[in-house]
Amino acid sequence: MDRPRIDEVLPKADDSRYALVMIAAKRARQINSYYHSLGEGTFGMEGELTPPLVTTRSTNLLTIALEEIADGKLEHESED
C-alpha cells in the first residue's frame, strides 16, 4: 500500500478530517524523532521512540503514518 485512500482511513478517525490530520501529523513527528535518534546514537529514550509499525516502501513520514492508521496499528480515542 503506497498511499492509503482517504475513505479507508477516515472511519478510523471518527470520520473527522481534522482528527485524521492531527493523528497522522503527530505520528509522523514520532517516526521522524525515531529516525533521527538512530543516527545520533541516542540511548535512554527507547520507551519514547517507536519505530514504524508497518513495512513499507515509502520514505514519506506522513504516508507511513497514514498506512499505520489504515492497518489499524494506531488507536484514536474520541473526546466525546
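**Helices, core and side-chain pairs of a predicted model**

Aspartate 14 sits in the loop between α1 (6-9) and α2. The model is a predicted one, in which local features need pLDDT of at least 70 and side-chain atom pairs count only at pLDDT 80 or more, while totals for chains, interfaces and linings use all residues. Residues are numbered from 1 along each chain as its sequence is written, and side-chain values use heavy atoms, with hydrogens and water left out.

Although aspartate 14 is not a glycine, its phi is positive, at about 55°. With a relative accessible area of 44%, aspartate 14 is partly exposed; here buried means under 20% relative accessible area, exposed means over 50%, and partly exposed lies in between, with a 1.4 Å probe and protein chains only. Aspartate 15 belongs to the loop between α1 and α2 as well, and its phi is likewise positive for a residue other than glycine, near 55°. Aspartate 15 counts as exposed, at 55% relative accessibility.

Stepping back, the chain contains three helices and zero strands, so its elements read α-α-α from the N terminus on. These elements are DSSP runs numbered from the N terminus: helices are H or I and span at least four residues, and strands are E and span at least two. Of the 80 residues in the chain, 29% are buried. The chain exposes about 5,800 Å², and carbon and sulfur atoms supply 49% of that area, as computed by the Shrake-Rupley method with a 1.4 Å probe, where for residues only the protein chains shown count as cover.

The interior comes next. In soluble globular proteins, nonpolar side chains tend to be buried together. The largest nonpolar core here has 11 residues, namely Val9, Leu10, Ala13, Ala19, Leu20, Ile23, Ala24, Ala28, Ala65, Ile69 and Ala70. Such a core is a set of buried Ala, Val, Leu, Ile, Met, Phe, Trp, Tyr and Cys residues joined through side-chain atoms within 4.5 Å. Two or more residues of this core come from each of α2 (17-40) and α3 (61-70), and α2 gives the largest share, five residues. Valine 9, a member of this core, touches Pro4, Leu20, Leu66, Ile69 and Ala70 once its neighbours within four places in sequence are set aside.

Helix α3 is mostly covered, with seven of its 10 residues buried: Thr63, Ile64, Ala65, Glu67, Glu68, Ile69 and Ala70. At the start of α3, a side-chain oxygen of asparagine 60 comes to within 2.9 Å of the backbone nitrogen of leucine 62. This is a polar contact, that is, a pair of N or O atoms within 3.5 Å; within protein, one atom must be able to donate a hydrogen and the other to accept it, and residues adjacent in sequence count only if both atoms are side-chain atoms. Asparagine 60 itself lies in the loop between α2 and α3 and is partly exposed, at 40% relative accessibility. Its C-alpha atom is 8.8 Å from that of alanine 28, although 32 residues separate them along the chain. After α3 comes glycine 72, with a positive phi near 75°.

A search of the whole structure finds two salt bridges, each a side-chain nitrogen of Lys or Arg within 4 Å of a carboxyl oxygen of Asp or Glu. In one, the side chains of arginine 27 and glutamate 68 meet at 2.6 Å, N to O. Arginine 27 lies in helix α2 and glutamate 68 in helix α3, so this pair ties together parts that are 41 residues apart in sequence. Arginine 27 and glutamate 68 are both buried. The side chains of arginine 5 and aspartate 7 also form a salt bridge, at 2.6 Å from N to O. Arginine 5 is exposed, at 52% relative accessibility, and aspartate 7 is partly exposed, at 44%.

One aromatic pair is present in the structure. Its partners are tyrosine 34 and tyrosine 35, in a tilted arrangement with 5.7 Å centre to centre and 55° between the planes. Rings of Phe, Tyr and Trp (its six-membered ring) pair if their centres lie within 6.5 Å, with planes under 30 degrees apart called stacked, over 60 edge-to-face and the rest tilted. Tyrosine 35 is partly exposed, with a relative accessible area of 39%. The backbone oxygen of tyrosine 34 is also reached, at 2.7 Å, by the side chain of serine 37. Serine 37 belongs to helix α2 and is buried, at 10% relative accessibility.

Note on methods
Contact means heavy atoms within 4.5 Å.
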